[in-house]
Amino acid sequence: MEPREYDEWYKKSIENRDEFWDKIARELDWFEPWDKVWEWNEPFARWFVGAKCNIAYNILERNATTWRKNKLAIIWEGENGEIRTLSYYQLAQECEKFAAVLKSFGVRKGDRVTIYLPRIPEQIISMLTCAKIGAVHNVVYSGLSVEALSERIRDSQSKILITADGSYMHGRTLELKKIADEALSRSPTIEACIVVRRIGEKMIVNMEPGRDYWYHELMALRLANEVKTEVMDAEDPLFILYTSGTTGKPKGVVHAHGGYMVGTYITTKVDFDLKEEDTYWCTGDAGWITGHSYVVYGPLLNGATEIIYEGAVNYPYPDKWWSIIERYGVSIFYTTPTAIRGLMRFGDAWTKRHNLSSLRILGTVGEPINPVAWDWLYTVVGNGRCPIVDTYWQTETGMHTITTIPGMKMKPGWAGKPFFGIESLVVDDKGKPVRAQEIGHLVLKPSWPSMLRGLYNDPERYREKYWTTIPGYYYTGDAAKIDEEGYIQIIGREDDVIKVSGYRLGSAEIESAIVSHPGVNEAAVIPKPDELKGNIIKAFVVLKQGVEPSNELKQEIIEHVAHELGSIAKPSEIEFVESLPKTRSGKIMRRLLRAKEVGTEAGDLSTLEQ
């Protein structure tokens with residue numbers, strides 16, 4: 001999409017918002033049309049008011065009864081080398097059978113079902129089946145442990161848990177059922193636990209009679225010939241997804257069938273320039289919003305063929321991902337900056353030994369990508385010919401809100417411009433737009449189809465968290481700046497903005513400068529209290545393989561940052577570390593570094609990578 005074309009489309013989408021979203025929504029199937037595109041009763045939105053639909057219908061029946069019937073929906077590969085494929089027809093059949101299973105356990109429209117599965121086809125089947133029968137799914141990432149799982153079950157008041165005996169990761173088998181058993185002992189609302197056999201007979205698991213049932217045995221019963229897809233109101237809840245905060249319990253973000261369907265459908269189609277012949281791979285896990293929107297719902301709504309890989313990025317060797325891209329001819333590859341930085345550490349040779357000429361579009365998600373990692377992805381992985389779609393969005397937004405659409409000018413380190421129909425602004429404390437290149441609060445003007453409909457059973461927390469900081473705007477909690485061309489750079493979480501001697505500095509900007517030093521692989525910076533300056537900058541630095549830490553190297557890095565950003569941005573302290581604390585989705589937990597440094601509480605750590 002050329003810049004002029006983007007500008008024209010964007011202008012139309014803002015000036016005629018109802019018409020724009022109406023036209024997009026009509027590309028999908030609805031049981032009954034809407035009376036009104038959207039209405040706003042701050043802070044609550046309703047989209048496609050009065051319409052009846054089901055997001056699963058638009059994935060299953062819509063594709064399984066057309067020429068896409070025999071098109072592959074999923075190509076799955078396990079870490080142990082096992083391969084499975086599902087056509088759209090087969091996917092619909094599996095969901096039909098599992099729908100009968102869930103209904104036999106008394107699951108009805110509005111009931112909550114917790115899914116605690118690894119990256120296997122049954123994870124997607126479970127989600128789509130819940131949507132098909134109107135149940136609300138609550139997916140918990142399989143890397144989370146007992147308390148995180150039990151807390152999410154209790155808060156959502158789930159009646160069914162779907163898990164697996166175990167999974168493969170880094171060459172090891174993880175005992176998921178064992179974790180689930182302990183969580184179930186703290187979860188009185190669960191009536192039945194359905195267990196997928198992933199590892200098999202070599203993993204012995206406890207199966208409690210009257211509570212635990214094998215998935216494959218239930219599916220073999222063929223409990224019904226046909227289970228009709230539930231007719232849902234566009235505003236009926238589709239899922240709850242818990243996202244951790246710096247304090248307090250995790251927030252249960254709620255998304256609805258209609259608006260979420262429209263938002264994920266169109267952003268997948270436009271932002272990745274998705275075509276019928278593409279093979280698409282998003283490396284995310286459905287335990288996170290990236291997996292919900294851009295592994296499960298967005299690609300499958302578009303009838304894409306997608307890759308799902310169970311295992312670790314660098315097991316058994318650092319070229320595992322590149323071998324998958326070469327073997328299946330992946331044309332669209334969407335991953336995290338954390339993964340890219342980790343693979344960079346092994347050098348270029350592992351990448352260059354594979355033919356990656358099938359790649360057409362590259363994308364990043366989860367955190368700002370620093371220019372060094374961006375350049376490596378563009379030149380080494382994409383061979384200088386693949387656009388990089390740098391996407392900004394949140395669990396709460398449901399869909400991309402800022403992005404670099406293919407064809408637009410790319411600016412390494414800058415996310416891009418607002419997606420069509422979305423007004424993203426960078427403002428000061430009073431809600432007034434800041435000048436170009438000034439750091440401010442990133443806010444969104446209401447409303448867009450896939451925005452969260454609230455926090456589960458907690459409307460006041462929803463109001464306070466997102467709608468009171470900058471009145472009249474959705475408060476993202478992220479700091480950003482905008483340039484003269486309207487491109488937006490995400491600086492990081494507001495908590496990650498460092499104020500030194502009255503200057504506001506973005507942690508991501510300083511980290512990018514540190515990482516641009518040839519000996520550095522990763523970095524995280526935090527503010528450390530200082531009597532004179534208010535704060536000083538402390539950096540935690542992970543060096544590249546073969547680079548030895550020394551006081552001379554510390555000084556060299558400090559001077560390098562001064563050269564790149566100016567003296568005000570120089571770290572006063574540098575600590576060399578083997579690794580940085582991260583969430584299981586790859587985001588650096590700077591608040592944990594701050595807490596350890598100054599001796600304060602770290603807040604919710606349920607998503608911490610172990």
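1. Basis of the values. The model is predicted, so local features need pLDDT of at least 70 and side-chain atom pairs count only at pLDDT 80 or more, whereas totals for chains, interfaces and linings use all residues. Residues are numbered from 1 along each chain as its sequence is written, and side-chain values use heavy atoms, with hydrogens and water left out.

2. Leaving aside residues up to four places away in sequence, T404 touches I388, V389, D390, K409, M410, W414, A415 and G416, contact being heavy atoms within 4.5 Å.

3. Reach of T404. The side chain of T404 comes to 2.7 Å from the backbone oxygen of A415. T404 and D271 are 133 residues apart in sequence, yet their C-alpha atoms are 7.5 Å apart in space.

4. Cis peptide bonds. The bond from Y315 to P316 is cis, with omega near 0 degrees, and P316 sits in the loop between β17 (305–309) and α11 (320–328). The bond from P446 to S447 is also cis, with omega near 10 degrees; S447 belongs to the loop between β24 (440–445) and β25 (454–455).

5. Positive phi values. F48, a residue other than glycine, has phi near 55 degrees; F48 is placed in strand β2 (residues 44–49) and is buried, with a relative accessible area of 0%. D273, which is not a glycine either, has a positive phi of about 45 degrees, but D273 lies in the loop between α9 (257–271) and β16 (279–282) and is partly exposed at 29% relative accessible area.

6. The four-stranded sheet. An open antiparallel sheet is formed by four strands in the order β23-β24-β26-β27, two strands being paired if DSSP finds at least two bridges between them. Its edge strands, β23 (423–427) and β27 (488–493), each pair on one side only. Between β23 and β24, which run antiparallel, there are five bridges, and L425 stands opposite V443 in β24.

Definitions and conventions. A polar contact is a pair of N or O atoms within 3.5 Å; within protein, one must be able to donate a hydrogen and the other to accept it, and residues adjacent in sequence count only if both atoms are side-chain atoms. Helices (H or I, at least four residues) and strands (E, at least two) are DSSP runs, numbered from the N terminus. Buried means under 20% relative accessible area, exposed over 50%, partly exposed in between (1.4 Å probe, protein chains only).
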